[in-house]
Amino acid sequence: MIKNEALSRWVEEVKALCEPDQVVVCDGSEAERDRLIELSLRDGSLLQVNPATYPNSYFHRSSPTDVARTEHLTFICCEKKDDAGPTNNWMAPDDARAKLTPLFKGAMKGRTMYVVPYLMGPVGSPSSRVGVEITDSAYVVLNMRVMTRMGAVAVDALGDRADFVRGLHSTGDLSPERRFICHFPETRTIWSIGSGYGGNALLGKKCHALRIASAQGRAEGWMAEHMLILGLTSPAGETHYIAAAFPSACGKTNLAMMVPSLPGWKVTTVGDDIAWLRVGDDGRLWAINPEAGMFGVAPGTGSKTNPNAMASVKHDAIFTNVALTPSNEPWWEGMDGDPPETATDWQGRPWTRGSGEKAAHPNSRFTVPAKNCPSVTADIDAPSGVPISAIIFGGRRAKAAPLVFESLDWQHGVFVGATMVSETTAAATGAVGVPRNDPMAMLPFCGYNMGDYFGHWLAMGKKASNPPKVFHVNWFRTGPDGKFLWPGFGDNVRVLKWITDRIAGRAEAKRTPVGLVPTPSSLDLSGLGIGDEKLPHLLDVDAATWKAELELQRAFLTKFGDRLPKELWSEHAALEQRLSS
Ligand code: GTP
Ligand code: SPV
Ligand code: MN
């Protein structure tokens with residue numbers, strides 16, 4: 001059944017280890033989907049949501065202790081600890097295998113072992129890569145077939161080569177005590193056990209397309225980044241592609257499919273979470289989206305904030321840990337209209353409006369094919385990808401970072417990305433709202449030493465004769481009342497407009513120590529009514545705040561010792577100088 005020899009050998013090895021009752025090699029067909037759904041409805045791992053209003057859509061409730069990525073249980077297992085660097089958890093490969101082998105031994109007894117070949121990236125693209133995930137979860141297979149190009153198409157792309165990424169996954173007993181997400185970048189292998197949650201279990205996504213791919217990209221001269229990709233077309237018909245790196249639950253999906261509030265502007269979606277970038281013959285950076293679906297944050301998603309996401313979830317969706325209304329429709333905080341009087345909460349308990357409890361888990365998610373999204377275009381399947389005009393870094397920060405600023409050049413842009421800070425969110429277990437360094441939004445996802453990673457960014461800028469301009473945004477600055485100063489969502493186009501105007505040399509900017517911020521008149525705020533009062537707060541670069549920031553940056557960069565490129569210390573010194581002059 002499996003023609004590829006290397007794959008067939010590996011499947012036999014895993015079978016001997018995990019001892020499943022049966023092995024199913026997935027082909028990605030509709031018939032296979034129907035079978036998996038039927039089976040999941042029967043064992044209760046899926047419920048059908050109201051087929052009249054949400055055709056072909058299902059609901060999954062996870063174990064209550066398995067609702068987000070677990071960064072403290074995620075490891076980079078390379079031979080030398082220094083190669084994982086100070087920001088990753090490290091385990092020696094032999095130790096990791098010794099620890100996890102007993103957990104996988106017999107783990108699939110009484111279960112089916114699914115072999116899931118998948119292609120990351122457009123069919124026929126030189127940038128695309130093949131992986132195979134072996135899993136004992138039908139929910140994982142159903143999600144992988146949405147999130148990747150799965151089955152026969154991947155087998156074809158692989159041919160008889162042996163260089164596919166090997167991902168072994170078992171839900172084990174779902175105990176956080178026996179949960180490990182281990183990455184072996186040197187052998188391009190992933191071992192994940194004890195979780196069924198997205199980023200821990202859909203191994204094509206964060207494990208392959210970011211942690212393994214970032215290491216592979218460094219070796220091969222390309223980049224794997226936690227970035228959305230969008231196309232922005234002005235009323236005059238000028239199109240720019242923009243890639244933006246924001247940490248988890250900080251607005252990538254929303255920006256990627258935004259409906260602009262400015263008349264005549266149009267946004268198209270290429271990707272909402274991950275970008276693979278390479279230097280094109282023209283010296284520009286070109287990006288593909290390795291994924292084929294979206295695994296989006298549900299809470300906060302409504303027709304006002306994100307109409308394209310609302311349209312996307314109306315059919316062929318999988319909902320995880322949302323609430324269900326009495327009419328069996330999905331519901332979450334921030335959805336349209338009044339909350340229902342009563343609902344079943346994400347843990348299956350009765351819920352009433354006014355109980356003060358959240359009905360949906362803050363990290364509840366929807367899984368949908370990218371093609372469900374009205375703003376997705378054929379660009380997503382373009383083998384060449386799209387040429388990137390601007391890279392935007394962004395964080396969730398109540399203070400410090402202004403609405404937008406432009407970096408002075410590529411090297412300064414790399415420094416801006418490397419010193420990004422953002423408040424933690426529900427996308428990972430642990431406290432929410434705590435500011436932390438999250439370089440390039442890759443802190444949890446870089447598969448090697450981040451000092452070397454910054455060096456790779458600098459090298460890519462040298463390799464590209466025409467690199468994108470680099471910006472930083474912050475949609476989450478708050479005023480004295482603790483409320484967001486910026487309306488966000490569709491109004492973010494006003495910032496994108498300024499960015500493309502800067503690229504075209506049309507917009508004015510004011511020099512500040514951190515970079516170039518818009519002059520008040522260069523931002524199109526027409527019809528917004530936030531002008532005189534809020535704008536100064538939004539654009540303010542406070543010297544005292546940034547001097548404190550400088551010390552936090554120093555402490556963070558020091559961690560990398562001599563693995564930190566000296567250029568970043570030069571940028572730090574230059575910022576210090578600009579702040580004191
Ligand atoms: P991951 O899938 O975890 O990588 O998240 P993401 O970066 O794609 O974030 P997403 O777009 O799903 O947004 C996360 C949360 O932030 C949601 O609750 C959104 O409603 C909210 N959000 C997104 N954009 C904005 C914005 O411009 N302003 C405000 N105030 N909230 C936003
Ligand atoms: C994130 O946490 O950044 C996500 C969701 O995009 S997950 O796939 O779980 O990583
Ligand atoms: Mn993400």
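This is a predicted model: local features need pLDDT of at least 70, side-chain atom pairs count only at pLDDT 80 or more; totals for chains, interfaces and linings use all residues.
A polar contact here is a pair of N or O atoms within 3.5 Å.

**Ligand 1: contacts and cover**
- Around ligand 1 there are 22 residues, and the closest are Ala249, Lys252, Asn254, Pro299 and Arg365.
- Thr253 takes part through its backbone, with an N or O atom 2.8 Å from an oxygen atom of ligand 1.
- Arg396 uses its side chain, where a polar atom lies 3.2 Å from an oxygen atom of ligand 1.
- On its own, ligand 1 would expose 660 Å², and the protein buries 92% of that area.

**Ligand 1: setting**
- The shell around ligand 1 is made up of ten nonpolar, eight polar and four charged residues.
- Helix H9 (252-256) and strand S17 (293-297) each supply at least two residues of this shell, and H9 gives the most, with three residues.
- Ligand 1 sits in the largest pocket.
- Why does ligand 1 lie between two domains? Domain 2 (225-292 + 377-580) and domain 3 (294-372) both give residues to its shell, so ligand 1 lies between them.

**Ligand 2: contacts and cover**
- Ligand 2 has 13 residues around it, of which Arg69, Tyr197, Gly199, Lys206 and Ser248 come nearest.
- Ser248 places a polar side-chain atom 2.5 Å from an oxygen atom of ligand 2.
- For Lys206, a polar side-chain atom lies 2.6 Å from an oxygen atom of ligand 2.
- His226 also reaches ligand 2, with a polar side-chain atom 3.3 Å from an oxygen atom.
- Taken alone, ligand 2 exposes 280 Å², of which the protein buries 98%.

**Ligand 2: setting**
- Ligand 2 sits in the largest pocket.
- Helix H7 (198-201) and helix H8 (204-220) are the elements that give two or more residues to the shell around ligand 2.
- By residue class, the shell around ligand 2 divides into four nonpolar, four polar and five charged residues.
- Domain 1 (5-47 + 62-221) and domain 2 (225-292 + 377-580) both contribute residues to the shell around ligand 2, so ligand 2 lies between them.

Conventions: Residues are numbered from 1 along each chain as its sequence is written. Chains are lettered from A and ligands numbered from 1 in the order in which they are written. Side-chain values use heavy atoms; hydrogens and water are left out. A residue is near a molecule or strand if one of its heavy atoms lies within 4 Å of it. A polar contact is a pair of N or O atoms within 3.5 Å; within protein, one must be able to donate a hydrogen and the other to accept it, and residues adjacent in sequence count only if both atoms are side-chain atoms. Accessible areas come from the Shrake-Rupley method with a 1.4 Å probe; for residues, only the protein chains shown count as cover. On a 1 Å grid over the protein atoms alone, a cavity is a set of points where a 1.4 Å probe fits but cannot get out, and a pocket is an open set with protein on both sides within 12 Å along at least five of seven lines; lining residues have an atom within 4 Å of a point. A molecule sits in a cavity or pocket if more than half of its atoms lie within 2 Å of its grid points. Helices (H or I, at least four residues) and strands (E, at least two) are DSSP runs, numbered from the N terminus. Ala, Val, Leu, Ile, Met, Phe, Trp, Tyr, Cys and Pro count as nonpolar, Asp, Glu, Lys and Arg as charged, and the others, Gly among them, as polar. Domain bounds come from an automatic or database domain assignment.
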